[in-house]
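Dear colleague,

I am passing on the structure we spoke about, and below it you will find my notes on what turned up in it. Please read them with the coordinates open beside you.

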Amino acid sequence: MTMMVMALFPSAAAVRSSLVACSAIKRYWASSISSISGSGYWYYQVHVNVGASPTAAFSTIASSSNQEVIDVTHHDTIYRNTNSSGNPKPRVVILGSGWAGFTLARRLHKSLFDVRVVSPANHFLFTPLLPSTAVGTLEFRAIQEPVRTIQGLGQYYQAKAREIQLDKQIVTCEDLYKGVKFDVSYDYLCIAGGMKSNTFNTHNIQRLEGVVVFFLKHLYHARQIRNRILECFERASNPTIPTVQRDRLLSFIVVGGGPTSCEFMSELHDFINKDVAKWYPDLMKHIKLTLVEAGPGILGSFDKALSDYYLKKLNEKNIDVRLNTAVAGVDERYIEGEQITVARFADGTEVNFGTMVWSAGLAPVRLITNSNLNLDRGRIIVDDYLRVPDTRGRVFALGDCAVTPDKLPPTATVAEQQALYLADCFNTYYSKFDVLDTKNAMVELPLPGDVTPYLMPWNILSFLNKLLCNSSPKFQYQNRGAMASMGFGGGVVDLKQTHLPSPKTTISGAASYLVWTSTYLTKQLSIQNMILIPMYWFKALIFGRDISRF
Ligand SMILES: Cc1cc2nc3c(=O)[nH]c(=O)nc-3n(C[C@H](O)[C@H](O)[C@H](O)COP(=O)(O)OP(=O)(O)OC[C@H]3O[C@@H](n4cnc5c(N)ncnc54)[C@H](O)[C@@H]3O)c2cc1C
């Protein structure tokens with residue numbers, strides 16, 4: 001197993017001290033380091049073995065220039081790689097710490113597998129509650145779980161996987177801070193890298209991202225949006241602000257008619273009506289909210305009656321909902337000497353704006369587009385067992401980045417159920433296959449036996465799954481229904497297609513809000529967040545949201 005680290009450091013002495021100090025690099029032991037000098041810098045190439053066998057535990061990094069040896073042994077890496085009998089455990093490398101990756105890492109039996117996670121995000125994000133944090137209904141830390149809290153995890157690398165070498169069973173990763181590259185070898189690879197926001201190459205969206213255009217996918221996006229909204233209100237309330245600039249700053253555009261856009265717009269409306277009205281009353285009459293959707297309706301995956309209901313409610317809130325309207329681009333112009341950002345729509349109309357939240361679709365992440373794997377619209381094609389074809393059952397893909405034969409939608413419920421299914425396959429069946437035996441190197445991993453699908457959303461009711469579902473070796477998705485909130489006290493729940501033993505019906509209004517809150521509260525992964533979330537809801541309802549900007 002070989003790991004390659006390439007680093008650019010000012011001098012050989014600095015390299016040595018950096019290597020000693022850098023705890024990330026200390027985790028690995030290395031077999032060689034070669035250096036060449038150029039432009040006053042030393043250029044080091046470090047070949048590092050990650051988590052090799054116990055006998056190799058005291059290997060080192062050595063500079064070829066002076067043969068000085070730096071011990072970077074990380075004993076955790078070694079002992080976690082063996083089971084209680086001292087035998088090596090197969091290594092399962094998981095790329096991504098979202099719904100699919102985090103769930104899988106939690107559920108795999110660490111006594112059977114050496115589980116390692118590679119992800120730029122060192123936390124799991126409970127995405128359904130993300131729109132609430134963007135306006136301060138909830139605090140950011142209440143909707144995440146650190147990866148390192150996973151019991152028995154072999155190792156976590158805060159890095160982006162950049163390249164998958166199927167022939168060598170190696171993933172080349174790039175450290176998030178210095179861009180240092182290193183390799184992690186695997187016996188089994190589970191790709192769960194998710195998708196990113198799709199700009200559809202719309203003019204200026206990528207360039208102005210983080211300035212006036214914001215995605216809503218990660219926690220840092222929600223933080224950016226929250227700061228931007230508060231900045232707009234503070235700047236707009238400045239007595240010297242020109243009218244054209246004030247009106248622009250108070251114009252908010254949400255692009256996309258899916259659940260994320262609708263929920264964010266509802267949250268923003270709540271924030272404006274409950275908090276802005278109290279603290280910036282003079283600005284209220286200048287605020288403009290616009291939701292733009294290229295298709296003919298919002299909440300396209302929901303029952304038509306519910307989409308219509310949601311649309312009616314948005315209109316009642318004086319939100320300008322523009323259907324069949326695509327964003328053609330964003331321009332920066334000078335009007336009355338003021339720099340203004342303008343959204344141009346395909347129908348020729350324009351709206352000046354201060355903040356645009358872009359949630360219009362999904363695109364593959366670089367790892368997937370650069371891979372040589374077979375893709376269908378940017379998603380990795382997998383079979384009914386979530387295996388990537390032609391990898392002898394050594395590589396799996398799940399969650400948003402994978403597409404199954406029945407083309408399931410990219411949702412958290414699909415990602416979570418796939419992770420639970422795969423964990424059962426590994427724990428019950430794949431653990432019996434001796435993947436470390438060199439005789440089996442070219443042998444196809446046997447198919448799993450029966451696995452019970454995960455219909456019930458809660459572990460405590462999982463005993464019902466066996467009674468309600470037919471087990472099968474293949475992954476079987478169970479529809480648990482769909483929900484979208486509408487801020488405090490409102491929302492829609494669609495149970496028309498659900499496999500749950502409930503009436504096949506739709507719910508809207510206060511009852512759906514109750515279903516939404518209780519479901520997401522009880523789905524939290526830690527007691528801490530189960531306590532924090534209702535506290536923040538209560539605080540926002542009674543005392544309002546925090547409007548400090550820092
Ligand atoms: C705001 C919002 C609200 C949502 N609400 C709902 C909802 O209510 N219900 C529902 O069913 N679905 C919802 N979704 C969709 C749901 O969140 C996704 O379908 C789900 O997150 C997919 O899980 P995943 O693990 O495949 O991907 P993600 O959860 O996106 O995780 C991908 C992981 O891969 C990591 N990663 C990215 N690039 C790399 C790389 N190169 N190397 C290694 N790791 C990498 C990321 O950091 C991340 O940890 C929502 C999504 C958003 C954004």
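**Arg 228 and its surroundings**

Leaving aside residues up to four places away in sequence, Arg 228 touches Phe 214 and Thr 355. Please bear in mind throughout that this is a predicted model. Arg 228 is found in helix α6, which covers residues 219-236, and Arg 228 is buried, because 22 other C-beta atoms lie within 10 Å, where 20 or more are needed. Val 212 is 16 residues away from Arg 228 in sequence, yet the two are 7.9 Å apart in space from C-alpha to C-alpha.

**The chain as a whole**

The protein chain holds 14 helices and 30 strands, and buried residues make up 42% of its 550 residues. Among the contacts with a separation of 6 or more, 62% are between residues 24 or more positions apart.

**The largest nonpolar core**

As general background, nonpolar side chains in soluble globular proteins tend to be buried together. In this model the largest nonpolar core has 130 residues, and the members that touch the most others are Val 171, Cys 190, Tyr 310, Leu 398 and Leu 422. Helix α11 (residues 412-429) supplies the largest share of this core, namely nine residues. Residues of the core come both from domain 2 (80-197 + 364-468) and from domain 3 (213-356 + 480-543), so the core lies between these domains. For Cys 190, the residues touched are Val 92, Ile 94, Leu 104, Phe 396, Leu 398 and Leu 422, again not counting residues up to four places away in sequence.

Strand β12 itself (residues 181-185) is mostly covered, since four of its five residues are buried.

**Helix α14**

How far apart should the ends of helix α14 be, given its 17 residues? At 1.5 Å a residue, α14 (residues 527-543) should span 24 Å, and its end C-alpha atoms are 24 Å apart, which agrees with that expectation. The buried residues of α14 are Asn 529, Ile 533, Tyr 536 and Ala 540. Viewed down the axis of α14, these buried residues fall within an arc of 70°, so they line one face of the helix.

After α14 comes Gly 544, which has a positive phi near 90°.

With best wishes

Conventions:
Residues are numbered from 1 along each chain as its sequence is written. This is a predicted model: local features need pLDDT of at least 70, side-chain atom pairs count only at pLDDT 80 or more; totals for chains, interfaces and linings use all residues. Helices (H or I, at least four residues) and strands (E, at least two) are DSSP runs, numbered from the N terminus. The expected span of a helix is 1.5 Å times one less than its number of residues. A residue is buried if 20 or more other C-beta atoms lie within 10 Å of its own, exposed if 12 or fewer, and partly exposed in between; C-beta atoms are placed from the backbone. The arc is that of the directions from the helix axis to the C-beta atoms. A nonpolar core is a set of buried Ala, Val, Leu, Ile, Met, Phe, Trp, Tyr and Cys residues joined through C-beta atoms within 7 Å. Domain bounds come from an automatic or database domain assignment. Two residues are in contact if their C-beta atoms, placed from the backbone, lie within 7 Å.
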